[in-house]
Amino acid sequence: MNALSLSLRYLRHKLAASLLHVAMFAAGTAMVIALLLTHAQVHNEFTKNLSGIDMVVGAKGSPLQMILSSVFHLDVPTGNIALSEAEKLSRHPLVKQAIPVALGDNYSGFRIVGTDKNYITHYGGELAQGELFGKAMQVVLGSDVAQQKGIKLGEKIVGAHGLVGSDDLHTERPYTVVGVLKPTGSVLDRLVLTPVESVWHVHEYADEEEHEHHHDEHEHHDEHEHDDKKEHDDREITALLISYASPFAAATLPREVSKSSSMQAASPAFEVARLSSFMGTGVDTLSQLGWFIVALAGLSVFAGLYQAMDERRYEMAMLRAFGASPAKLLLLTLTESMLIAASGVALGLLLGHAGVEVLAAWLSQTRHVHITGLIFLSQEWEVIAGGLCVGVLCAIVPAMRCYRIDLFKTLAK
Amino acid sequence: MIQLSQLKAGYDGHAIVDISNFTLPAGEHCLLLGKSGSGKTTLLYAMAGLLTPLSGHVQIGAVDITAMPAQKRDAWRGRQMGIIFQTLHMVSALSVLENVLLPAYASGMKQDAAYAMELLFQLGLEEYAHRKPAALSQGQQQRVAIARAAICRPSIILADEPTSALDDEACESVMQLLLDLAARSGASLVVATHDARIKAHFHHSLSLGASQ
C-alpha cells in the first residue's frame, strides 16, 4: 500500500462522487478555457484587420460606417471619393502607404474588392495556388471563398451588383480566377480581390447599358474604355487605407484631409474603441457573467472536494493514531485531491477546446468571425495552475486540520 | 512496564481520572474497570498518548510519553502500541487484509502481508481477506480489529470494550485470541471494559469511578 494505491481505492470506492467532482472540475475548466479562447481570438481577429492602418479616407458620412465597410467589410460604404483627390493624398509626404479600396459588387455574397497588390501583402496573404492578379478582370480569391464555392484556377466567375447576394448579375463582364490565397485569419479570407480597374470596367459597361442614349459623359467614357491608364477625372474609389510615414501625421493629416477636400478621415483604432464603448455595457455584462459562472464553478469544486476530503477526517485521525506523520497524511490527501484535480483539468481542457471548435464551425457559417479550438494560449497554463492549486488547497486544509483535532474526541465517539 | 504517576486526565479542563500511582510490570495484563462514564476510555487514551493528561505522567518503559511532542508521540505509538477502538473504524474502501496492514503503512513499518494472512488465519478470517469489511459481521470485524492491533508486533495492546458487543462464546474466543497474541509477542494487554465475564483472565485491575 502507498499513497497512490490507497487514493485509487478511495476514489473507486466512492466512484459516483469522484466522477462528480471530476465533472465539476472539468466544467469549470472548460468554461474558463472557452472564454479565454474566444475572447483572445475575436479580439485578435479585430486587431489583425486593423493592423497597420492608421487612417481611412472615404466619402463624408459616418466615420464608423466608413471603417466598418472599408476595413472590416461589414457595412455599406458612405459613398465614393474621386480618384484624383485620393491620388493627390497618396503622394502626401506624411503618407507611407495608401491602398485603394473600391467596392460595389459581390460574388455570391463575398465582396469583390478593387484594390492593388499591396492590400494582399498588407494582410500577409500568400498564394496557395496560381498568381496575383496582373490586369483588370483577373481575381485572386480569399481562402474561404475558394473553399466554400469550390472554384479552381482559370474558372470564370460573375459578379453581382451590390454588396450582398442579388440577381443583378454582370454576366457580360466575367472575372477570371488567377490565384487562390492561403488562410490568413483576417478579413482577406472572405474577399474576392481584383485590380481597381476591374470595378471601373464592370460599372462603365453597366452604366453604358443603362443610360445608353441619355448621358453624354458616358459616351465620352466609351472612347477611353480600352485605355484605363489614362487620367479620368470622374473615376472613383470607395476609400483609401493609409499608413503614416511618421507619428506626427496623426496630429495633422486627418484635419488636413477633412478641411481641404470633400473627403473625411477617420482612425480605425479610435472608431473601434468608440464602437466597443457603445456596446461596452452589453459585452462587459456578458463577460462578467461568464467570470461569475467560472468563479461559482471554482467555488463548488472547492466545496465539493473539500467536503469529500473532510469526510475522511475519522480515517485520518485513525491513521494518526497508528503513527502516521503529518507529511504522510498530507501526501495521502494531496494524492487523492490531485488525482481529481488533474483529471478534471485535463478533461476540462479537452472539453473547452472541443467546445470552441464546435462554436467555430458554427461561426464560420456566419462568415464574420474566424476562431479555432485547436490553438493553445499561454494563459491556459495559468488556468491549469489555478485548477491544480484548488486541488492542493482542498488537500492541505483537511490534512492540517487533522493535526489540530482532538484525537480523543474524534476516535472515542 | 507502564507507570502512571499523579495522573489527572479528562477534557475541557475537567479531570475525570485521578490516579496517584500505578505500575504494570512488562508483559503483564491489566483490566480497567468501571461503569460507563467512569473514565475507562479516558484513561486508556491517556495511556496511548492520544489524550494529553491535564497533569502527571505516563511512563512506558524508559519513555515519558507525556513529555513528547505530538508528532514524535504518534510515531512512537505506531511502533510500540496496538489499539483496538470501541468504534472499530474499519476503512470501508479497503479489503480486510488491507485494513489489517493499515497501521504498518501509517507507521512506515514493513507491510508484512504474510504475517497479516497468518493473523487472519489464526482468527478464522482467512477466507475474508479480500472482502470488504462491510461484508463481515460485527464479531468478525472485531477480530479484524484485533489482527490490525497486532500487525506491528506491539509491546502493548490497548483495547476499549473489545467484548461488550459479543455473546458469551464469541467473548471467550476473542479474549483467548487477545491473550494468545499478547503472549506470542510478550506484549502487555490493557483492556478497558465493564464486561464482568472477562475478569478471570486478569491478575491486575484498576477500578475507576469508585471515588466519584
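# Notebook: a predicted model with chains A and B

I began with chain A, which has 14 helices and 13 strands; helices (H or I, at least four residues) and strands (E, at least two) are DSSP runs, numbered from the N terminus. I note that this is a predicted model, in which local features need pLDDT of at least 70, side-chain atom pairs count only at pLDDT 80 or more, and totals for chains, interfaces and linings use all residues. Residues are numbered from 1 along each chain as its sequence is written, while chains are lettered from A and ligands numbered from 1 in the order in which they are written.

**Chain A overall**

I looked up burial and found that buried residues make up 38% of the 413 residues in chain A. A residue is buried if 20 or more other C-beta atoms lie within 10 Å of its own, exposed if 12 or fewer, and partly exposed in between, with C-beta atoms placed from the backbone. I then turned to contacts, where two residues count if their C-beta atoms, placed from the backbone, lie within 7 Å. Among contacts in chain A between residues at least 6 apart in sequence, 77% join residues at least 24 apart.

**Strand E3 of chain A**

With strand E12 (residues 239-244) of chain A, E3(A) pairs in the antiparallel sense over six bridges, and A:Ala98 has A:Ile242 in E12(A) as its bridge partner. Strand E4 (residues 110-115) of chain A also runs antiparallel to E3(A), joined to E3(A) by four bridges, and here A:Asn106 stands opposite A:Arg111. The hairpin of E3(A) and E4(A) has two residues between the strands, and in this hairpin A:Ser108 takes a positive phi near 50°. I also found two bridges, again antiparallel, between E3(A) and strand E8 (residues 160-161) of chain A, where A:Asp105 is partnered by A:His161.

**A:Asp144**

I placed A:Asp144 in helix H6 (residues 143-149) of chain A, and this residue counts as partly exposed because it has 18 C-beta neighbours inside 10 Å. Apart from neighbours within four places in sequence, A:Asp144 is in contact with A:Asp189 and A:Arg190. From A:Asp144 to A:Gly304 I read 160 residues in sequence and 46 Å in space, C-alpha to C-alpha.

**Where chain A touches chain B**

I looked up the interface and found 21 residues of chain A in contact with 27 residues of chain B. On the side of chain A, the elements that give two or more residues are helix H1 (3-13), helix H11 (313-321) and helix H14 (407-411), and H11(A) provides the largest share, six residues. By kind, the residues on this side are 13 nonpolar, three polar and five charged, where Ala, Val, Leu, Ile, Met, Phe, Trp, Tyr, Cys and Pro count as nonpolar, Asp, Glu, Lys and Arg as charged, and the others, Gly among them, as polar.

**The sheet of chain B**

I traced an open sheet of four strands in chain B, in the order E2-E1-E4-E5 with antiparallel pairing. Strand E2 (14-24) and strand E5 (63-64) of chain B stand at the edges with a single partner strand each, so one side of each has no neighbour in the sheet. Strand E1 (residues 2-11) of chain B pairs with E2(B) over nine bridges in the antiparallel sense, and B:Ala9 stands opposite B:Val17 in E2(B).

**Two positive phi values in chain B**

I kept in mind that most residues other than glycine have a negative phi. B:Gln6, which is not a glycine, has a positive phi of about 50°; B:Gln6 lies in strand E1 of chain B and counts as exposed because it has 12 C-beta neighbours inside 10 Å. B:His89 has a phi near 55° and lies in the loop between strand E6 (81-84) and helix H3 (96-107) of chain B, where B:His89 counts as buried because it has 20 C-beta neighbours inside 10 Å.

Note on methods: Pairing = 2+ DSSP bridges.
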